[in-house]
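Here is a walk through one protein chain, taken a piece at a time. Keep the coordinates open and follow along.

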Amino acid sequence: MNPLFAGAWCLARYGRGGKTLKTMRLKWTMLGWAAIAILPGVGRAAASLLDTTLEDTKLYFTSPLRWDEEDWLYFGGALVAIGAAHSFDSRVRDHFATGSNAVLNGGEDKNSLRDAAPTIAIVAGTGLYASFIDDRDGYRETWALIEAGAFSGATAEVLGYATGRERPDATTSPNEWGKGADSFPSLHTTVAFAVGTVFAESGNDEYRWVRRVIGYGVAGATAYVRIDENVHWLSDTVAGAALGIATAKFVLNRQDAQSHGTVQFQPVKGGWMVSYSVRTH
């Protein structure tokens, strides 16, 4: 994982009382698993990997400047879906907030690391398997998973800090915004959908159904359990899913562009001109 994102993930939470150490522990654990997964491949092409990552980072955070009609339609559809989910936030909370889950504990997230474990396992498992069979494509896929998680997670952290929404275990009102909390969007759901989608749609088609069951299954289960534990509103998870899928789409497009660049030969005075072009969004 790019150290810049690891630092941003931790610093964004610094100074928020008792949640700080818990959140930092989760994110550094994720960083550790990612490092274990990708280190065997990084050492072989560190310079190239750094250049590619920096380029991907620049293109990701400036991608709205290059959105086409399909991208804007997806964005509009996501806003509509989030708005619709928001109208059900209270009713969904009432359904799941029973027994000990109904207690207002100030937004304490006791199962944060446990809920992130399946997503971490996808990244680590892919990387370790690639290392075991020494597969170049496996290393590339692992890095794509890490990029998807890092990009989506960083964006979710910024949005969470900006919106400051209270969690449903801290208030019964779904409209407590700007309170310094971090409910919207759900970080776990965002990263799970980013990683799960990249995993589901990568590799060859021989085991596509298995990949999709695992990738989308982990993502959907993560969103469900965050609602079931009453640590996120329904609209938090819908927003997280939309952000994660959009990020996965970007990473997959970049992977495809890097694998299928276009080489063109054109006659010019005194010889030939060779050009190489790739998609950047």
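Start with a helix pair. Ser112, Arg114, Asp115, Pro118, Thr119 and Ile122 in H6 meet Ile214, Val218, Thr222, Val225 and Arg226 in H9. This is a predicted model. Two packed helices are described by the angle between their axes and the distance between the axes. Here H6 covers residues 112–133 and H9 covers residues 208–228. Their axes come within 10 Å and cross at roughly 170°. Angles over 145 degrees count as roughly antiparallel, so H6 and H9 are roughly antiparallel to each other.

Now step back to the whole chain. It has 10 helices and two strands. Read from the N terminus, the order is α-α-α-α-α-α-α-α-α-α-β-β. The chain holds 281 residues, and buried residues make up 46% of them. What share of the contacts with a separation of 6 or more comes from residues 24 or more positions apart? The figure is 74%.

Next, look at H4, which runs over residues 69–86. At 1.5 Å a residue, its 18 residues should span 26 Å. The C-alpha atoms at its ends are 26 Å apart, so expectation and model agree. Which residues of H4 are buried? They are Asp71, Ala78, Ile82 and Ala85. These four cover an arc of only 65° around the axis, which means that they sit on the same side of H4. The face directed away from the buried side carries Glu69, Leu73 and Val80, which are exposed. The N-terminal end of H4 has a cap, Asp68. One of the side-chain oxygens of Asp68 lies 3.2 Å from the backbone nitrogen of Glu70.

Finally, move to a loop. Thr171 lies between helix H7 (136–163) and helix H8 (187–201). Is Thr171 buried or exposed? Its relative accessibility is 13%. The cut-off for buried is under 20%, so Thr171 counts as buried. What surrounds this residue? Beyond its neighbours within four places in sequence, Thr171 is in contact with Arg93, Leu104, Glu166, Glu176 and Trp233. Gly107 is 64 residues from Thr171 along the chain, yet their C-alpha atoms are separated by 8.3 Å.

How values were computed. Residues are numbered from 1 along each chain as its sequence is written. This is a predicted model: local features need pLDDT of at least 70, side-chain atom pairs count only at pLDDT 80 or more; totals for chains, interfaces and linings use all residues. Side-chain values use heavy atoms; hydrogens and water are left out. The expected span of a helix is 1.5 Å times one less than its number of residues. Buried means under 20% relative accessible area, exposed over 50%, partly exposed in between (1.4 Å probe, protein chains only). The arc is that of the directions from the helix axis to the C-beta atoms. A polar contact is a pair of N or O atoms within 3.5 Å; within protein, one must be able to donate a hydrogen and the other to accept it, and residues adjacent in sequence count only if both atoms are side-chain atoms. Contact means heavy atoms within 4.5 Å. Axes are lines fitted to C-alpha atoms, for helices over the stretch in contact, and angles run from 0 to 180 degrees between N-to-C directions. Angles under 35 degrees count as roughly parallel, over 145 as roughly antiparallel, 65 to 115 as roughly perpendicular and the rest as oblique.
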